[in-house]
Amino acid sequence: MAITLNSGFKMPVIGLGVWRMEDKDIKDLLFNAIKIGYRHFDCAADYKNEAEVGEALAEAFQTGLVKREDLFITTKLWNSDHGHVVEACKDSLKKLRLDYLDLYLVHFPVATRHTGVGATASALGEDGVLDIDTTISLETTWHAMEDLVSMGFVRSIGISNYDIFLTRDCLAYAKVKPAVNQIETHPYFQRESLVKFCQKHNICVTAHTPLGGAVANTEWFGSVSCLDDPVLKGLAEKYKKSVAQIVLRWGIQRNTVVIPKSSKLERLEENFHVFDFELAKEDMDLVKTVDRNHRTNQPAKFWGIDLYA
């Protein structure tokens with residue numbers, strides 16, 4: 001099952017995010033995911049595991065497990081490389097051992113001090129606050145992203161963690177419209193207005209953290225997981241599915257792409273098997289009632305400044 005992007009390319013509605021995957025586990029996880037049926041993998045320079053992902057992909061192609069043209073690979077430009085977009089993209093392609101990317105995203109709408117191409121540091125000033133580069137506009141960054149399309153390095157380009165205002169601005173100055181806005185959204189952080197705005201303007205919304213981050217964000221940010229919600233547990237019982245499957249199905253039925261992350265084989269399988277049932281309209285409406293406007297991913301913890309404030 002896939003969504004056709006405004007660039008004309010098809011993007012599978014469920015993918016596997018590789019954030020916080022251990023280097024030693026990546027090959028087995030990717031091979032198992034491909035065998036289960038995953039064809040969409042979400043990477044980023046900042047995850048610091050592109051080389052390991054690339055090694056696994058190269059072996060998967062070489063052994064005939066899957067063909068390159070059957071996969072949809074996303075990676076992202078890090079904040080410190082906004083002034084070096086082409087070099088950063090080439091660095092990611094080299095590490096991933098690919099000739100082209102299916103999707104390249106601006107990871108966050110902020111340029112920070114450059115620390116070397118692909119180094120992905122978040123340099124802090126003496127005051128312990130993120131060292132933001134005020135000389136590079138998002139428009140400049142976007143036009144460099146557009147160059148990647150004409151160079152043939154990237155098929156589709158998009159944005160990530162952009163709000164309505166920044167997305168509107170991007171639409172105004174873009175020659176190549178953003179195909180995707182990848183944002184945190186899940187039942188506890190539904191962001192209906194942003195989702196509707198993007199979809200109205202033919203920008204596909206991809207939900208990172210579609211399960212609310214679960215253990216990862218609870219450990220790192222002390223956030224609350226929607227997987228423990230009694231309403232969602234009730235729906236899981238009703239449909240004889242796991243709470244995670246209910247949440248992912250909800251995401252798919254609101255026409256968003258979901259990219260859950262898991263390092264456990266049984267979870268990989270469970271998360272992928274969400275196409276054999278459908279949530280009734282009243283249950284989709286019921287999920288709307290649990291929204292808490294609760295963001296679980298909080299980079300301010302590392303940056304000394306809350307960019308969402």
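**Close-up views of a predicted model**

**View 1. Helices H8 and H9 pack together, at an angle of about 95° and with their axes 8 Å apart.** H8 covers residues 230-239 and H9 residues 243-253; helices here are DSSP runs of at least four residues, numbered from the N terminus. Axes are lines fitted to C-alpha atoms over the stretch in contact, and angles run from 0 to 180 degrees between N-to-C directions. That makes H8 roughly perpendicular to H9 (65 to 115 degrees). Where they touch (heavy atoms within 4.5 Å), H8 brings Leu232, Lys233, Leu235, Ala236 and Tyr239, and H9 brings Val243, Ile246 and Val247.

This is a predicted model: local features need pLDDT of at least 70, side-chain atom pairs count only at pLDDT 80 or more, and totals for chains, interfaces and linings use all residues. Residues are numbered from 1 along each chain as its sequence is written, and side-chain values use heavy atoms, leaving out hydrogens and water.

**View 2. Phe108 pairs edge-to-face with Trp303.** Their ring centres are 5.1 Å apart, with 75° between the planes; rings of Phe, Tyr and Trp (its six-membered ring) pair if their centres lie within 6.5 Å, and planes over 60 degrees apart count as edge-to-face. Phe108 lies in the loop between E6 and H4 and Trp303 in helix H12, so the pair ties together parts 195 residues apart in sequence. Phe108 is buried, with a relative accessible area of 8%, and Trp303 is buried at 5% (buried means under 20%, with a 1.4 Å probe and protein chains only).

**View 3. The charged end of Arg295 sits over the ring of Tyr308.** Arg295 is 3.5 Å from the ring centre; this label needs NZ of Lys or CZ of Arg within 6 Å of the centre and within 35 degrees of the ring normal.

Key. Helices (H or I, at least four residues) and strands (E, at least two) are DSSP runs, numbered from the N terminus. Angles under 35 degrees count as roughly parallel, over 145 as roughly antiparallel, 65 to 115 as roughly perpendicular and the rest as oblique. Rings of Phe, Tyr and Trp (its six-membered ring) pair if their centres lie within 6.5 Å; planes under 30 degrees apart count as stacked, over 60 as edge-to-face and the rest as tilted. Buried means under 20% relative accessible area, exposed over 50%, partly exposed in between (1.4 Å probe, protein chains only).
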